[in-house]
Amino acid sequence: MLSLSRWNSTFSSLIPHFSNVSDGKVEARVAFEEMSQQANLTTSGIMVVVFPMTLGIVSNIVALVILANAYSLQRRRSKATFLLFATSLVVTDFIGHVIPGALVLRLYLSGGARPEDYSSSDGMCQFLGGSMVFFGLCPLFMGCAMAAERCLGVTKPLLHSSLITSTRTKMCLCVIWLAALCVALLPFLKLGSYTYQDPGTWCFIKVLSNIQQVDVAFVVLFSGLGLISLAVAVVCNTISGLTLVLARLRRKPGSHHSAKSHDIEMVVQLVGITVTSCICWCPLLIFGLMSAIHSYAGSIREDLPSYKMLMVIGVRLATWNQILDPWVYILLRRTVLRKIYLIAKCQAGLGGNIFGCLDSASPPQSEKNEEL
């Protein structure tokens, strides 16, 4: 009995030692789990950037090849003007996808900015924020200009042929790029500011903390220009679409409709561009405007995490606009649409004979030269 009590006292004296060892192991395991979790977050964050960036680069290159080939073969001036706009838009999307994407990837690899630095800005943040604004406004302005040009071409073809030339189209593109650049450079003139945004891996207009009147004005300018461009594009495309539908209904049987067919194709592509831009850009434009106004009014404190999440969702949707735009030209071409229609129609008649459908879906050689 005495030896048993002695053993118990000896074992009890050793418990703190083993307890300390156990605590050390627990702390080491917790630290290891935190490091693993951080590594997983970094890896997932890099994949979030790399996958869309790679997909966007491939998509834009494919669209550029198709548009360059179509532009070199095009003899119709109205179509050539549209293709010049479209090629410039895809080039802008491509550059706007690569430059900000590379900077965001660099921020992910370096771990991003610290939360205490979100209200500040360095040279890279200023450049990234300016790139976001510039490459955001350019596609919206170009989509608006393309819709207005097609609306004029469909409703007033004679006026269009006398006003719209290749030189004036290039001048319009230069004005668009210059206007977007002027807006993006306003923070360098102390008219607004760019700061790091949660989770510290991208930069944009200051909308969530220490908002001044000039910051609100800058956000209103950026969001207002973007939303107005989208609204004008929607109105112009609606007018063009209705005009083409009425012309189609009034057309006499057997009349020549090659020009109207080209117009329909271009308007369909413009509708695709406008719908894509509205879906991808409206959230960021609206969320940024709401965040700045509520933050300036001092009513954002309790909902700050929600607004941070909305801004992240908005910028990710805006990124997909540069990925989806090229597919509008790749998929919404007469060649592709005709093949899809004929294959579907043929499969219904031939019981699923896909090879026979592919042969019958090939357009005549005389029509290939006119296809986009």
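**View A. The largest nonpolar core of the predicted model has 67 residues.** Val133, Met146, Trp202, Phe204, Ile205, Phe222 and Tyr329 have the most contacts inside this core. The largest share of the core, 13 residues, comes from helix 3 (residues 123-155). A nonpolar core is a set of buried Ala, Val, Leu, Ile, Met, Phe, Trp, Tyr and Cys residues joined through side-chain atoms within 4.5 Å; buried means under 20% relative accessible area, exposed over 50%, and partly exposed in between, with a 1.4 Å probe and protein chains only. Helices (H or I, at least four residues) and strands (E, at least two) are DSSP runs, numbered from the N terminus. The model is predicted: local features need pLDDT of at least 70, side-chain atom pairs count only at pLDDT 80 or more, and totals for chains, interfaces and linings use all residues. Residues are numbered from 1 along each chain as its sequence is written, and side-chain values use heavy atoms, with hydrogens and water left out.

**View B. Surroundings of Phe222.** Leaving aside residues up to four places away in sequence, Phe222 touches Val133, Leu137, Phe204, Ile205, Trp281 and Leu285 (contact: heavy atoms within 4.5 Å).

**View C. Helix 3 has 27 of its 33 residues buried.** Helix 3 is therefore largely enclosed by the rest of the structure.

**View D. The largest cavity has a volume of about 50 Å³.** Its lining consists of Pro139, Leu140, Gly143, Cys144, Ser229, Leu230, Ala233, Thr274 and Ser277. Helix 3, helix 6 (213-250) and helix 7 (258-297) each supply at least two lining residues, and helix 3 gives the largest share, four residues. On a 1 Å grid over the protein atoms alone, a cavity is a set of points where a 1.4 Å probe fits but cannot get out, and lining residues have an atom within 4 Å of a point. Points are joined across faces, edges and corners, and the volume is the space filled by probe spheres set on them.

View E. Lys190, although not a glycine, has a positive phi of about 65 degrees.

How values were computed: On a 1 Å grid over the protein atoms alone, a cavity is a set of points where a 1.4 Å probe fits but cannot get out, and a pocket is an open set with protein on both sides within 12 Å along at least five of seven lines; lining residues have an atom within 4 Å of a point.
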